[in-house]
Amino acid sequence: MVWMGLAMGLALYGLYVLGRSSFRVEEGHLAVLTTFGAAEADEAHPGRLKTWGPGLHFKRPWQKVIFVSMKEQNLDLSGEEGGRTAMAEDGTLLRFDSILRYVPVESELARFLFGMRSPLDHITGLFTCLLRNEIAN
């Protein structure tokens, strides 16, 4: 009886480890594996991360997977106050609602995922500054 319980426990533990050792990447996404917080580098292309495309893949149980959508994404720049404002050259106050469309570049995933604390806030601020500069000119 004890051996039966031990065998069942080992079988359940084996299923748990097997479940933690595989991951599935959806179509239109890429996956990056991290081992204790460090991402795996691609040996063939220095400076790039090793990525996994759509499908079923295996990993070590202690590795974590970061999924990145490679589809075109929309970022609403209107803000909570209902729009951004800028002053034109003649003193007219302009209010504009804008939506930024972007696609992550695979060769720059290391900077996008690990180079900034909040990359979407960075993109929002950069685009807002560029847009205000163009309106002012």
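Arg48 is partly exposed, at 26% relative accessibility. In this predicted model, the side chain of Arg48 meets that of Glu106 in a salt bridge. The whole structure holds 4 salt bridges, and three of them are described below by pair.

**Arg48 and Glu106**
- The N to O distance in this salt bridge is 3.9 Å, which falls within the 4 Å limit and therefore counts.
- Arg48 belongs to the loop between strand 3 (38-39) and strand 4 (51-52), while Glu106 belongs to the loop between strand 10 (99-102) and helix 2 (109-114), so the contact ties together parts that are 58 residues apart in sequence.

**Arg101 and Glu72**
- A salt bridge joins Arg101 to Glu72, with 2.6 Å between the closest N and O atoms.
- Because Arg101 sits in strand 10 and Glu72 in the loop between strand 6 (64-69) and strand 7 (73-76), the pair ties together parts that are 29 residues apart in sequence.
- Arg101 has 56% relative accessibility and so counts as exposed, the threshold for that class being over 50%.
- Glu72, with a relative accessible area of 49%, is partly exposed.

**Arg111 and Glu108**
- Arg111 and Glu108 form a further salt bridge, in which the closest N and O atoms are 2.7 Å apart.
- Arg111 is exposed, at 57% relative accessibility.
- Glu108 has a relative accessible area of 35% and is partly exposed.

Conventions. Residues numbered from 1 in each chain as written. Predicted model: local features only at pLDDT ≥ 70, side-chain atom pairs only at ≥ 80, totals over all residues. Heavy atoms only, no water. Helix = DSSP H or I, 4+ residues; strand = E, 2+ residues; numbered from the N terminus. Buried < 20%, exposed > 50% of the residue type's maximum accessible area, 1.4 Å probe, protein only.
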